[in-house]
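Here are my notes on the model you sent over. Have it open beside you as you read.

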Amino acid sequence: MPEYASLAELCHAALSCTACDLSKHRTQVVPGEGAARTDVMFIGEGPGYHEDQQGRPFVGPAGKLLDELIASIGMTRADVYIANMVKCRPPGNRDPSPAEVEACGHWLDGQIEHIDPKIIVTLGRHSLAKFLPGETITRVHGKARKVDGRIVLPVHHPAAALYQQSLRGTLEEDFRQIPQLLQQMEQVPEPEPKPKQLGLF
Ligand code: URA
């Protein structure tokens with residue numbers, strides 16, 4: 001049973017979270033945004049300066065690139081859901097600590113439960129670690145895996161491509177798999193219904 005009756009209720013509750021010290025430094029909580037039910041969910045690291053100011057995920061330069069990548073597969077933000085590992089900005093854009101990720105985890109788990117995506121696209125190493133602990137992004141980017149019944153597609157964080165131009169092509173190539181993976185999934189047949197047992201006369 002989900003803890004909150006709807007995704008909207010969950011996101012509303014997250015707005016007043018004080019479970020960790022990130023709450024002391026934030027301007028606003030950034031729960032996430034997009035379609036309440038969708039096949040495709042993106043999970044980044046945590047809000048940066050622009051996100052903290054606006055209360056929306058991926059609205060800075062990395063977000064602009066993410067929008068372009070989403071458009072490149074024929075979708076818009078409204079078609080997908082975008083969330084982060086932590087919902088409040090770590091001061092100075094430092095990495096979130098394991099304790100902060102842990103404290104925030106139930107919000108993300110609840111979001112996944114409500115949205116019920118077929119594919120989770122992990123953006124960068126922090127969300128990769130949630131689904132495929134011990135893997136490195138360089139080794140597994142673009143390699144989809146089934147985790148708990150969902151496809152997890154690890155890709156580089158869009159911000160990395162802003163610093164390293166050559167990653168942009170890699171990201172575009174990895175994104176191209178998303179529609180293919182969705183289609184392949186839909187082709188997977190449902191298990192055959194078991195034939196009804198005939199009663200003995
Ligand atoms: N980087 C992230 O990981 N998430 C955002 O929302 C913005 C930048």
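How do β5 and β6 pair, and over how many bridges? They pair in the antiparallel sense, over three bridges. Before the details: this is a predicted model, where local features need pLDDT of at least 70, side-chain atom pairs count only at pLDDT 80 or more, and totals for chains, interfaces and linings use all residues. Residues are numbered from 1 along each chain as its sequence is written, and side-chain values use heavy atoms, with hydrogens and water left out.

1. The sheet. Six strands make an open, mixed sheet, in the order β1-β3-β2-β4-β6-β5. Its edge strands, β1 (33-34) and β5 (145-147), each pair on one side only. Strands here are DSSP runs (E, at least two residues; helices are H or I, at least four), numbered from the N terminus, and two strands count as paired if DSSP finds at least two bridges between them.

2. Strand β4 (residues 119-123) runs parallel to β2 (residues 40-44), with four bridges joining them. M41 has I120 as its bridge partner in β4. On to β6: five bridges join it to β4, again parallel, and I120 is partnered there by V152.

3. The largest pocket. It holds about 680 Å³ of space and is lined by 28 residues, with E45, G46, A62, H157 and A159 nearest its centre. A pocket is an open set of points on a 1 Å grid over the protein atoms alone, where a 1.4 Å probe fits, with protein on both sides within 12 Å along at least five of seven lines; lining residues have an atom within 4 Å of a point. Volume is the space filled by probe spheres set on the points, which are joined across faces, edges and corners. Helix α8 gives the largest share of the lining, four residues.

4. The second largest pocket. Its volume is about 180 Å³.
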